[in-house]
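Thanks for coming, everyone. Please have a look at the structure on the screen, and I will talk you through it.

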Amino acid sequence: MPSFYLHLYGPLGLQQDETGFELESVEAAYLLAYHNVPRMAAELARQRLDPHQFKIVITGKRNRYLMTLPFSEALGAKVQ
């Protein structure tokens with residue numbers, strides 16, 4: 001099964017996922033990231049950081065870029 005890495009990127013820079021996940025497809029990696037955004041956003045909010053400024057960068061082996069999931073996509077549009 002292929003490995004996927006879900007890196008967190010935001011104003012503080014890149015926090016690399018060193019462990020990764022063995023999943024069946026990039027779609028499964030996207031869904032894993034999507035379902036974890038609310039929990040991660042809550043933690044960022046507790047740290048007084050705007051979750052809408054963050055995104056998850058999904059890579060494959062050898063750090064090959066596959067896709068990006070902005071938190072705003074998973075959380076909905078930011079209300080001003």
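I will start with the whole chain and then go through single residues.

A word on the model. This is a predicted model, where local features need pLDDT of at least 70, side-chain atom pairs count only at pLDDT 80 or more, and totals for chains, interfaces and linings use all residues. Residues are numbered from 1 along each chain as its sequence is written, and side-chain values use heavy atoms, with hydrogens and water left out.

First, the layout. The protein chain has 2 helices and 5 strands. From the N terminus, the order is β-β-β-α-β-β-α. These elements are DSSP runs, numbered from the N terminus: helices are H or I with at least four residues, strands are E with at least two.

Next, overall dimensions. Along the principal axes, the C-alpha atoms fill a box of roughly 40 × 20 × 15 Å.

Now burial and surface. Of the 80 residues, 29% count as buried. Buried means under 20% relative accessible area, exposed means over 50%, and partly exposed is in between, with a 1.4 Å probe and protein chains only. The protein chain exposes about 5,500 Å², and carbon and sulfur atoms supply 52% of that. The areas come from the Shrake-Rupley method with a 1.4 Å probe; for residues, only the protein chains shown count as cover.

Contacts next. A contact means heavy atoms within 4.5 Å. Take the contacts in the protein chain with a separation of 6 or more: residues 24 or more positions apart account for 50% of them.

On to single residues. We begin in strand β5, residues 65-70. L69 is found in this strand. Is L69 buried or exposed? L69 counts as buried, because its relative accessibility is 0%. Leaving aside neighbours within four places in sequence, L69 is in contact with Y30, A33, Y34, V37, K55 and I56. Look at K55 in particular. L69 and K55 are 14 residues apart in sequence, yet 5.5 Å apart in space, C-alpha to C-alpha.

Strand β4 is next, residues 55-59. T59 lies in that strand. T59 is buried, since its relative accessible area is 4%. Beyond four places in sequence, T59 is in contact with S3, F4, Y5, H7, R64, Y65 and L66. The side chain of T59 also makes a polar contact with the side chain of N63, at 3.4 Å. A polar contact is a pair of N or O atoms within 3.5 Å; within protein, one must be able to donate a hydrogen and the other to accept it, and residues adjacent in sequence count only if both atoms are side-chain atoms.

That takes us to the loop between β4 and β5, where N63 lies. Most residues other than glycine have a negative phi. N63 has a positive phi of about 60° although it is not a glycine. R62 is found in the loop between β4 and β5 as well. Phi of R62 is near 60°, again a positive value in a residue other than glycine. How exposed are they? N63 counts as partly exposed, at 47% relative accessibility. R62 counts as exposed, at 78%.

Now helix α1, residues 26-46, and R46 within it. R46 counts as exposed, because its relative accessibility is 60%. The side chain of R46 makes a polar contact with the side chain of E43, at 3.1 Å. R46 and Y30 are 16 residues apart in sequence and 24 Å apart in space, C-alpha to C-alpha.

R48 counts as exposed, at 79% relative accessibility. P51 is buried, with a relative accessible area of 12%. Which residues does P51 touch, not counting those up to four places away in sequence? They are A41, L44, A45, F71 and L75. P51 and F71 are 20 residues apart in sequence and 6.5 Å apart in space, C-alpha to C-alpha.

That is the tour. Questions, please.
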